[in-house]
Every structure is written in structure tokens, then in C-alpha cells.
Amino acid sequence: MTHIDEAPLSTEPEKTVAPVQGREKKLPTRDRATVITMVAIPLVLVVLLVWVPALLSVVLSFGKWNGFGDLDTIEWVGVQNYQDIFTIYPAFWPAVRHNLIWLAFLFVFPTVLGMLLAVVLDREMKGSRFYQTAFYMPVVLSLALIGFIWQLFYSRDQGLINDVFGSQVDWYGDPDINLWAVLVATAWRHTGYIMLIYLAGLKGVDASLREAAAVDGASEVKTFFHVIFPVMRPINMVVVVIVVIESLRAFDLVWVINKGRNGLEVIGALVAQNVIGEATRYGFGSALAVIMMLISSIFITLYLRTVFREERNR
Amino acid sequence: MLCILVGFCLQEAVVSRTTSTAIPRSTVATMAATRRNVLRGIGLSGLAVGGASLLAACGGDSGPATGSGATVKFGINEAEGVGAAHDRLAAIAKAYQQESGTTVDLNAVDHNTFQESINTYLQGTPDDVFTWFAGFRMAQFAEAGLITDLSDQWPIDGLNDSFKQAATAPDGKQYFVPISYYPWAVFYRKSVFEKNGWAPPSTNDDFMALMDDMQGKGVTPFAFGDKDGWPAMGTFDILNMRLNGFDFHMSLMAGDEAWDGDEVKGVFDTWRKLLPYHQADPLGRTWQEAATSMGKGECGMYLLGTFVVDALGENGEDLDFFTFPELDSSIGSDALDAPIDGFCVASAGQNQDAGKAMAKWLGSAAAADAGNNAADAPFIAANEGASTSTYSDLQKKSAEVVGAAANIAQFMDRDTNADFANTVMIPSIQAFLKDPDDIDGVTASIQEQANSIFG
């Protein structure tokens with residue numbers, strides 16, 4: 001017993017003293033080496049795998065190159081790629097609009113639904129484990145697979161929906177509808193994801209808060225919105241980030257459906273169409289990628305600003 | 001050698017950067033599929049690089065270029081397990097090994113991966129001989145110096161002039177050896193036609209009357225699906241060849257004619273008038289689903305390649321076809337799409353002599369027979385000396401029809417710049433099918449983008 005009490009005492013002075021010295025003067029060589037390695041490796045990786053390629057893409061976006069021959073065969077065309085994208089590339093503006101719709105839709109429907117499911121499941125009702133698994137199941141499926149699964153529902157001539165309702169709706173083919181059909185499929189997966197995150201958050205909420213609220217006579221709904229929800233702020237931030245990322249990276253699903261054409265244009269798919277497939281418009285594709293990077297940067301900047309402001313306020 | 005490798009790696013790196021990493025880290029996962037492709041490409045070239053250094057290491061002692069002791073590397077665009085397409089090529093490789101004594105090192109790659117990484121493949125360390133298609137894209141590789149001049153191997157016994165022409169790049173030299181082809185035509189069920197007393201139309205009037213009669217009987221005349229974007233190119237091709245002729249079609253594909261001119265507008269306008277005879281809502285339907293509607297008798301006809309049989313899950317006994325009828329008597333109906341598959345020798349291949357020798361043999365009747373005897377579904381051999389004993393009726397007729405055609409096109413996405421076909425024509429044709437009345441808008445947009453691409 002005594003030695004347990006003593007142990008922290010004996011280490012404590014060292015622990016508190018060492019950092020002070022370290023900050024002011026030098027760390028021991030070994031620690032310095034460790035720190036340098038730990039900073040340098042990720043730094044090198046980030047620079048090599050993120051910044052250098054990003055900058056090269058920007059450079060490439062001012063050229064025209066079909067991938068034949070060496071780099072000196074790149075024809076530098078200035079901002080022509082950007083000009084073409086904004087003026088004569090019919091798929092671009094729809095793609096921007098679709099990405100934004102995607103973002104708004106994910107925020108409104110699956111997020112709210114996921115939150116609701118989490119609250120309901122959190123009440124430990126009978127069979128909640130089963131429901132939890134059932135709702136989460138789609139998340140483990142890849143989006144490509146989800147595209148195929150929903151194709152079975154949506155196919156115009158052989159699909160389940162049209163068969164059951166005797167309708168003739170061209171779910172994946174009609175450009176006025178197919179985006180929504182795809183969003184439903186995305187939501188089917190996304191809801192489970194959000195649900196699980198909120199469920200984890202709810203489990204982490206201090207039970208005494210609820211009790212206190214109950215003692216004060218707050219209704220369930222009031223408790224949730226005025227007590228629980230604000231407490232879950234970190235979770236909410238995570239959800240916001242996830243939703244933004246999910247909607248900007250919208251790609252897989254539309255790619256398996258029709259390669260991002262005919263009403264399902266999203267920027268990610270346009271980049272791929274121009275660069276990955278048999279088409280090799282590297283300059284044009286890079287310009288699209290740069291635009292996508294700029295759009296992402298807006299959201300990332302907003303996010304980082306909020307996070308940093310919060311830390312400063314603390 | 002080293003500088004080639006380094007140059008190549010640089011390029012590979014730039015290519016992969018443009019595709020995935022131009023995006024901030026948080027969204028890199030976006031392009032999971034994209035990245036996978038790129039990684040696969042890198043993996044592929046990595047393997048190729050490894051192979052190359054091995055070869056380079058043992059390349060000092062000059063072994064025989066062909067015959068026993070020599071190795072030729074053979075890249076094919078069908079992975080193992082996909083069925084007849086791979087089996088035929090593998091059997092051909094084996095037959096060549098037996099006959100010539102040259103060891104054939106087979107490199108079977110999934111079809112789409114092969115197509116999509118062809119540029120980096122050819123500029124890295126490709127196999128000596130690889131599967132490819134006749135047409136503009138072959139010519140493009142020839143122009144870029146990526147494939148080897150095979151004119152010293154031509155003429156090849158049993159390959160007639162039209163095949164030689166298809167193997168010829170604009171510089172007048174041959175860069176390609178054909179092995180097989182298939183026609184695009186109007187397919188129908190014999191039993192359905194018989195039951196209704198319909199016959200293949202020979203004139204435009206017959207054709208219109210037939211379609212009206214079909215509609216009267218509650219049968220949609222044409223099955224139609226364009227979810228994948230490329231099947232409707234076949235309709236454009238045939239209408240353009242019937243209305244404006246083969247020569248105009250080819251120079252339009254080469255970027256030498258205006259897309260917003262009256263000729264192309266006329267094609268779209270005719271198409272617009274024919275659309276009511278086609279299945280509605282084509283943009284959500286795959287060609288397999290459309291083929292099924294024809295198979296079930298809901299639709300009377302389907303304009304597609306002979307691969308339509310694959311979607312029906314039968315041997316095609318009840319299928320027959322006719323070439324698209326003439327629309328303008330001054331143009332006639334003697335041109336059609338019949339994509340030719342075959343082989344090229346990569347300039348960067350290690351063993352040029354072995355590659356050329358093998359390519360020549362691949363054009364022979366023996367090669368075609370070896371392939372056809374080994375698989376349950378034969379292809380239609382380009383070589384006229386090849387045995388037709390394994391052919392179905394459909395194939396015998398295909399051979400006849402293509403043999404009788406005066407002009408053969410390769411299909412839009414093989415006849416024109418791949419950038420243009422994939423990023424402009426597919427969306428534009430889909431835009432037209434969405435809103436057939438805005439022909440001026442569609443053609444103007446195609447022309448603007450064509451200007452930018454063909455520059």
C-alpha cells in the first residue's frame with residue numbers, strides 16, 4: 001500500500017520539471033531524435049503525397065496533354081482549360097449543383113433521421129440491438145455494391161419498384177429523378193452511419209444531466225434540445241465534417257450507375273471521366289480537380305476556423 | 001534504358017497525381033475507385049518495370065529472337081475466367097508456342113483495366129505483342145511512335161485488302177494484324193417475324209411500313225438502351241453512313257467536318273423522327289436489358305453488335321439480322337460498323353523480331369482455328385482461310401454480310417479521338433436523347449468542344 005502511494009510522489013517532480021527544462025533548453029538527444037522523426041515522417045509523407053501532387057496538378061491544369069510522349073509534349077494553353085470548363089463544358093455547372101444538392105440533402109434527411117433513430121434506440125427498448133445492427137448494416141457495404149443493390153429496385157423494366165407498383169418510372173435514367181433516386185440510396189447507407197455516431201455520443205452523455213433535467217421538470221423533447229444536444233457538440237462537429245466530406249466525395253455510386261453522366265454529374269466523376277477512362281485529357285481533368293480542391297478548401301477553411309476559434313475561447 | 005524508365009516513372013507519377021491527389025487529404029478517399037485504378041496501373045507498370053530489368057539483366061547475351069529458347073511476351077485484354085474471349089487467346093498463345101518453339105509469356109489483364117491503362121502501358125515496358133483494335137486509336141499510337149511498323153510482314157496470306165486497309169495508319173504503313181471482327185446490324189427473332197408475317201425490309205418504304213405494322217400490333221419496333229453511353233453511338237454511326245455516306249462519316253470522325261453543319265443536324269433530325277419507334281427512356285436501360293426486351297418479343301428489332309446473343313443466354317438459333325436499310329438511294333446501304341480486333345507490336349517491347357513474327361502468325365488461318373477450336377463460342381475469323389465449321393448460322397451470315405460490304409467503319413469510339421468520344425459524344429448523344437428537339441443546341445455544343453479537343 002505504501003509503495004503505491006509513494007510511486008506517484010517520486011515520479012511527479014521529474015515529470016513536472018522535465019518539460020519545463022525541455023521547453024526552455026534542449027531535450028535529451030534521444031527525445032529530440034524521436035520528436036524529429038515523428039514530425040519528419042508525416043511531414044515528408046504529407047508534402048510528397050499531398051502538397052507536391054496538388055501543386056503539380058495545378059501546374060498541369062494549364063496544359064493540354066494526352067499522355068503520349070514525354071513531359072515536354074505538354075502544350076501550355078494558359079487558362080483555356082478553365083475557360084472551357086466554365087463556358088463550353090456542359091457537364092460542369094450541373095455537377096456543381098448536384099454536389100451542393102447532395103450536401104444539403106445529406107444534412108437534412110439522413111442526418112436528422114439518423115439522430116432520431118439514435119435517440120429511439122438509446123432508450124434500450126426491446127430488440128434495440130437488432131435494429132441497431134439492421135440500420136448499420138448498409139454502412140459496411142461499399143457504395144459500389146449499394147449501386148448494384150439499388151439497381152435491382154430501380155431498373156425500369158425489371159426493377160422491383162416498377163414491378164410492385166406497375167409504374168414505368170425510369171429511376172436511374174430520367175435526369176430529373178435519378179439524382180434523387182441515388183440520394184435515397186446514399187441516405188440508406190448514410191443514416192446508419194450517423195445513427196451509430198450519435199448513439200455513441202448519447203451513451204457518453206452524463207446520466208446525471210438527464211436526471212437533473214427531469215427533476216427540474218423538463219419534457220423529453222426539451223431535455224434533448226436544451227441539454228443533451230448542446231452537450232454533444234463535439235459529436236455534432238464530427239457529423240458536420242463527415243457530411244461535408246461524404247458529399248464532396250460523392251463518386252462511387254454515380255460511377256457504378258452511369259459513370260456520372262445524364263443527370264448524375266458530380267465533380268469527382270467528371271475528373272475521373274476525363275483522366276481515368278479511355279479519355280486522357282490530363283490538363284482538362286487536372287483543371288477540374290483543382291476546382292474541386294478549391295471548393296473543398298472553402299469548407300475546410302470554414303471548419304478549421306470554427307475549431308480554432310473554439311480553442312481560443314477555451 | 002534507365003532514362004526511359006525514369007522518364008516513365010515521372011510521367012506515371014504526374015498522371016496519378018492529377019487523378020487523385022489534387023484533392024485535399026480529407027477528400028482523397030473520394031476517389032477510392034479512381035485511386036484503385038491508378039494504383040493498379042502503377043502496380044502493373046511496377047511489374048512491367050521489374051520484368052524489364054530482369055530482361056535487361058539477361059539481355060546481354062543475344063539469344064535467338066524467335067524459335068526455341070526465345071521468349072515473346074503477349075499482353076491480352078481478357079482476364080482468365082471471363083469465358084470464351086480469354087480461352088481463345090490463351091489457346092492461340094499455346095498453339096504459337098507449339099508451332100514456333102518460341103516461349104509465349106502470357107500476360108492476361110482485365111479488359112477495362114487494360115483499356116484504361118493502355119497509355120502508360122505502352123510508354124512503360126509493355127509486352128511485345130498486345131491485343132488492340134483497328135481504327136483511329138491504332139493510328140494515334142502509330143503516330144506517337146508507340147507501335148511498330150509491320151508493313152514488312154504484310155501482305156499476310158488470307159487477309160484481303162479491306163483488312164489491310166484497316167491495318168494501315170495515315171502514313172500508309174501497316175501497324176496492325178487483324179484476327180476477328182463482328183458486325184453491327186439489326187437483329188430480330190426469327191420466330192417473332194414468322195408469326196407476324198414480317199420480313200426484313202429492303203427499302204426505306206418497307207422499313208417504315210414494317211415499323212408501323214409492329215406498332216399497330218403493340219410491339220415496339222426497336223429495343224433501345226443507352227445507359228452505358230456507347231450503344232447509341234452505333235445508331236449515330238449507321239444513320240450518318242446512310243445519310244451522308246462513309247467518306248463523310250470518316251472525315252467527321254477525324255475532326256475534319258463540322259459537327260454543327262447541316263449534314264450532322266440531318267442525322268439527328270432523322271434520328272428524332274425514328275425515336276418514337278424506339279423504346280422510351282433509353283438512358284436508364286442497359287443494352288442487356290434492351291436485348292432482353294427483344295428476346296421476349298416486346299420489341300421487334302435491335303440495332304447492336306453480334307454480342308447481343310450474350311445477353312439472351314442462348315445460342316442464337318432463333319436470331320437473325322439484316323443490315324440497316326438504305327435511307328437515301330444515292331448513298332445506298334453498303335457501309336456498316338464492323339469493329340476489327342487484332343494485335344499490335346509495342347515499340348517499347350523487348351523482343352521486336354519475335355513480336356513481329358508472332359504478329360504475322362496471329363493473322364494466319366492457323367491462329368484463328370486454334371482459337372476457335374478451344375472455346376465454346378467462336379469468333380468470326382478475319383482470315384478467309386480459317387475454318388468455318390464451328391460457326392453458328394449467325395456467324396456464317398455475319399461473315400457474308402461483312403464480306404459484301406463496300407466500306408467498313410470501326411465504331412465511333414474506335415474511329416475518333418478517345419477523349420472526344422468519351423467526354424463529348426457520350427454526354428452529347430445522351431443530351432439529345434433527353435431532349436430530341438434541341439438539335440441546334442446539341443450540335444453547337446459538340447462543335448465548340450470539338451474545336452477545343454481537336455484544336
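Predicted model: local features only at pLDDT ≥ 70, side-chain atom pairs only at ≥ 80, totals over all residues.
The model scores ipTM 0.75 and pTM 0.78. Chain A has a mean pLDDT of 84, and 92% of its residues reach 70 or more. Within chain A, the pLDDT is below 50 over residues 1-22, a stretch that has one contact in the model beyond near neighbours in sequence. For chain B the mean pLDDT is 83, with 85% of residues at 70 or more. Here the stretch below 50 covers residues 1-62, and beyond near neighbours in sequence it has 102 contacts in the model.

An unreviewed UniProt entry lists "transmembrane region" for residues 33-56, 100-121, 133-153, 179-202, 223-245 and 282-304 of chain A. Two of these spans can be described from the coordinates. Residues 133-153 of chain A are 90% helix and 0% strand, with end C-alpha atoms 22 Å apart. Residues 179-202 of chain A are 100% helix and 0% strand, and their end C-alpha atoms lie 33 Å apart. The UniProt annotation "domain: ABC transmembrane type-1", also from an unreviewed entry, covers residues 96-303 of chain A. Over that span the chain is 76% helix and 0% strand, and the end C-alpha atoms are 20 Å apart.

The packing of helices in chain A can be followed from helix 4. Two packed helices are described by the angle between their axes and the distance between the axes. Helix 4 (residues 92-121) of chain A and helix 8 (residues 178-203) of chain A have axes that come within 7 Å and cross at roughly 45°. Because of this angle, helix 4 of chain A is oblique to helix 8 of chain A. The crossing of helix 4 past helix 8 of chain A is right-handed.

Helix 4 of chain A also meets helix 11 (residues 233-248) of chain A, where the axes come within 8 Å and cross at roughly 140°. That angle therefore makes helix 4 of chain A oblique to helix 11 of chain A. This crossing, too, is right-handed. On the helix 4 side of chain A, the contact involves A:Asn99, A:Trp102, A:Leu103, A:Leu106, A:Phe107 and A:Thr111. Their counterparts in helix 11 of chain A are A:Val239, A:Val243, A:Val244, A:Glu246, A:Ser247 and A:Leu248.

Backbone geometry deserves attention in both chains. Most residues other than glycine have a negative phi, and most peptide bonds are trans. A:Lys259 has a positive phi of about 60° although it is not a glycine. This residue, A:Lys259, lies in the loop between helix 12 (252-258) and helix 13 (267-275) of chain A. In chain B, the peptide bond from B:Trp154 to B:Pro155 is cis, with omega near -5°. B:Pro155 belongs to the loop between helix 7 (136-143) and helix 8 (161-166) of chain B.

Chain B contains sheets. Strands of a sheet pair through backbone hydrogen bonds, either parallel or antiparallel. An open sheet of six strands in chain B has the order 2-1-3-10-4-11, with mixed pairing. Strand 2 (103-108) and strand 11 (380-381) of chain B each have a single partner strand, so one side of each is left without a neighbour in the sheet. Strand 11 of chain B runs antiparallel to strand 4 (residues 177-181) of chain B, and two bridges join them. In this pairing, B:Ser180 stands opposite B:Ala381. Helix 4 (residues 84-100) of chain B lies across strand 1 (71-76), strand 2 and strand 3 (129-133) of chain B, running at about 165° to strand 2.

Strand 6 and strand 7 (residues 299-305) of chain B pair in the parallel sense over three bridges, and B:Cys299 in strand 7 is the bridge partner of B:Thr220.

Definitions and conventions. Residues numbered from 1 in each chain as written. Chains lettered and ligands numbered in written order. UniProt positions renumbered as here; feature names shortened; annotations may be inferred. Helix = DSSP H or I, 4+ residues; strand = E, 2+ residues; numbered from the N terminus. Pairing = 2+ DSSP bridges. pLDDT = per-residue confidence, 0-100. Contact = placed C-beta atoms within 7 Å. Axes fitted to C-alpha atoms, helices over the stretch in contact; angles between N-to-C directions. Parallel < 35°, antiparallel > 145°, perpendicular 65-115°, else oblique. Left-handed = near helix turned anticlockwise from the far one by under 90°.
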